[in-house]
Amino acid sequence: MVLSKTASTSDVSIHSTFASRYVCSSLPRFKMPENSIPKEAAYQIINDELMLDGNPRLNLASFVTTWMEPECDKLMMEAINKNYVDMDEYPVTTELQASSIFIIFLNRCVNMIAHLFNAPLGESEAAVGVGTVGSSEAIMLAGLAFKRKWQNRRKAEGKPYEKPNIVTGANVQVCWEKFANYFEVELKEVKLREGYYVMDPVKAVEMVDENTICVAAILGSTLNGEFEDVKLLNDLLIEKNKQTGWDTPIHVDAASGGFIAPFLYPELEWDFRLPLVKSINVSGHKYGLVYAGIGWVIWRSKEDLPEELIFHINYLGADQPTFTLNFSKGSSQVIAQYYQLIRLGFEGYQNIMENCRGNALVLKEGLEKTGRFNIVSKDEGVPLVAFSLKDNSCYNEFKISEMLRRFGWIVPAYTMPADAQHIAVLRVVIREDFSCTLAERLVLDITKVLHELDTLPATLSTKVLNASEEKKIETQREITDFWKKYVMQRKTNVC
């Protein structure tokens with residue numbers, strides 16, 4: 001046991017951190033210090049640095065939950081020292097999450113989510129799924145299952161199996177690029193176009209070939225919150241499979257929309273009601289309303305998860321099937337997810353999602369009343385508002401984003417992927433803890449920023465005014481690059 005002690009007998013004011021020597025000397029940043037410091041000093045110094053962070057609840061860039069009820073906070077803290085994988089030592093905890101893919105675990109969360117996604121389960125049939133660190137791990141696992149199933153089928157048919165590919169839209173989250181890179185799968189992206197910022201199902205199906213392990217559809221694009229048309233994709237892919245004899249399936253990346261669509265759009269067909277949808281991932285730490293660190297992946301049936309991907313261990317006290325990329329992790333998020341599912345129920349989740357949608361509408365209408373913005377997001381989708389300037393000849397979205405930070409708001413500005421990269425947008429994610437009052441205040445602060453920017457000398461405005469129609473898009477790209485570099489330089493110069 002390490003005991004803290006004062007550095008010298010002359011340091012009589014050690015009981016007051018700010019009167020001690022620990023606040024007037026720099027702490028090591030790259031190497032462990034030789035000596036200990038008092039716990040009070042360590043806490044105070046770290047806490048002081050954390051004050052430089054932005055307010056998480058004003059971080060409107062993030063989809064991740066930033067508020068939970070105190071009772072759930074308490075449950076999480078009480079379970080913070082429990083290892084998720086020690087199922088024999090903590091059998092009740094792991095029953096909450098444990099994958100029912102294999103025998104041992106009665107899985108509450110997985111079964112509840114599977115039923116929410118209309119999995120074709122019998123009366124007493126257990127669902128097939130697993131809890132993950134987030135949707136990134138969930139997507140890796142789902143992708144591995146698709147790749148292995150495709151390889152097994154190709155081997156059985158005596159065909160080459162060295163060049164698998166996956167078809168997605170260019171709007172996919174970076175974890176899909178990681179999966180393709182890490183597990184040697186070609187990523188075939190359907191390019192976007194101005195005014196259409198999600199995957200086109202028709203173009204996606206055209207890109208499918210005999211080496212396609214699956215087509216990934218996004219229920220809630222990171223760029224503008226829009227739901228992709230999974231139903232149309234399913235119908236087109238059924239026809240192509242009939243014509244070719246292939247069996248190309250669909251994975252739905254419902255990281256953001258999986259806990260929204262069942263409550264706001266119950267008639268929308270995007271889940272296991274569609275026969276080609278074989279797996280779905282969802283982030284519990286987004287609209288599942290749990291703090292960061294929990295995701296889920298659900299398979300349609302046991303046949304869709306190859307048995308050889310499951311490992312069995314017994315060195316923790318019992319036979320445990322495991323299908324995850326990592327091993328040890330905390331159990332708090334699993335417990336928190338179960339708390340939210342039973343605490344809120346369908347009614348509670350529906351009320352929260354309706355509130356989020358309503359507050360998104362308040363923000364959208366407020367921005368439209370300024371007359372300065374085009375709304376890029378859709379009314380049906382994740383409750384967020386993505387918007388761009390109608391006139392960016394004097395300043396653009398990156399400058400607005402930077403100036404909003406003075407009011408405490410963190411509102412991201414970014415450019416669209418290929419082939420719409422000349423379009424820049426701002427995006428505000430409406431989470432559970434973003435009220436109508438905050439929406440109105442944000443509109444007020446955006447209006448103040450616009451007024452201030454209007455009084456500044458125009459930057460590069462003559463370039464836009466004098467540009468020919470053929471060069472207009474190129475000029476917009478130059479201006480966007482200018483402001484991106486300007487903002488990044490300002491950030492770099494901040495201590």
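## Helices H10 and H12

Asn359, Val362, Leu363, Gly366, Leu367 and Thr370 of H10 meet Cys436, Ala439, Glu440, Leu442, Val443, Ile446 and Thr447 of H12, where contact means heavy atoms within 4.5 Å. By class, this contact of H10 with H12 comprises eight nonpolar, four polar and one charged residues; Ala, Val, Leu, Ile, Met, Phe, Trp, Tyr, Cys and Pro count as nonpolar, Asp, Glu, Lys and Arg as charged, and the others, Gly among them, as polar. The model is predicted, with pLDDT of at least 70 required for local features and 80 or more for side-chain atom pairs, while totals for chains, interfaces and linings use all residues. Residues are numbered from 1 along each chain as its sequence is written, and side-chain values use heavy atoms, with hydrogens and water left out.

The axes of H10 and helix H12 (residues 436-454) come within 9 Å and cross at roughly 20°. Axes are lines fitted to C-alpha atoms, for helices over the stretch in contact, with angles from 0 to 180 degrees between N-to-C directions. H10 and H12 are therefore roughly parallel to each other (angles under 35 degrees count as roughly parallel, over 145 as roughly antiparallel, 65 to 115 as roughly perpendicular and the rest as oblique). Their crossing is right-handed; a crossing is right-handed if the near helix is turned clockwise from the far one by less than a right angle, and left-handed if anticlockwise. Helices (H or I, at least four residues) are DSSP runs numbered from the N terminus.

## Helices H4 and H10

Helix H4 (residues 108-116) and helix H10 (residues 332-370) have axes that come within 10 Å and cross at roughly 45°. These two helices are therefore oblique to each other, and H4 passes H10 in a left-handed crossing. On the H4 side the contact is made by Arg108, Cys109, Met112 and Leu116, and on the H10 side by Val334, Gln337, Tyr338, Leu341, Ile342 and Phe346. Eight nonpolar, one polar and one charged residues make up the contact of H4 with H10.

## Helices H5 and H6

Helix H5 (residues 135-156) packs against helix H6 (residues 174-182) at an angle of about 45°, with the axes 9 Å apart. That angle makes H5 oblique to H6. The crossing in which H5 passes H6 is right-handed. H5 contributes Ser136, Ile139, Met140, Gly143 and Leu144 to the contact, and H6 contributes Cys175, Trp176, Lys178, Phe179 and Tyr182. Seven of the residues in the contact of H5 with H6 are nonpolar, two polar and one charged.
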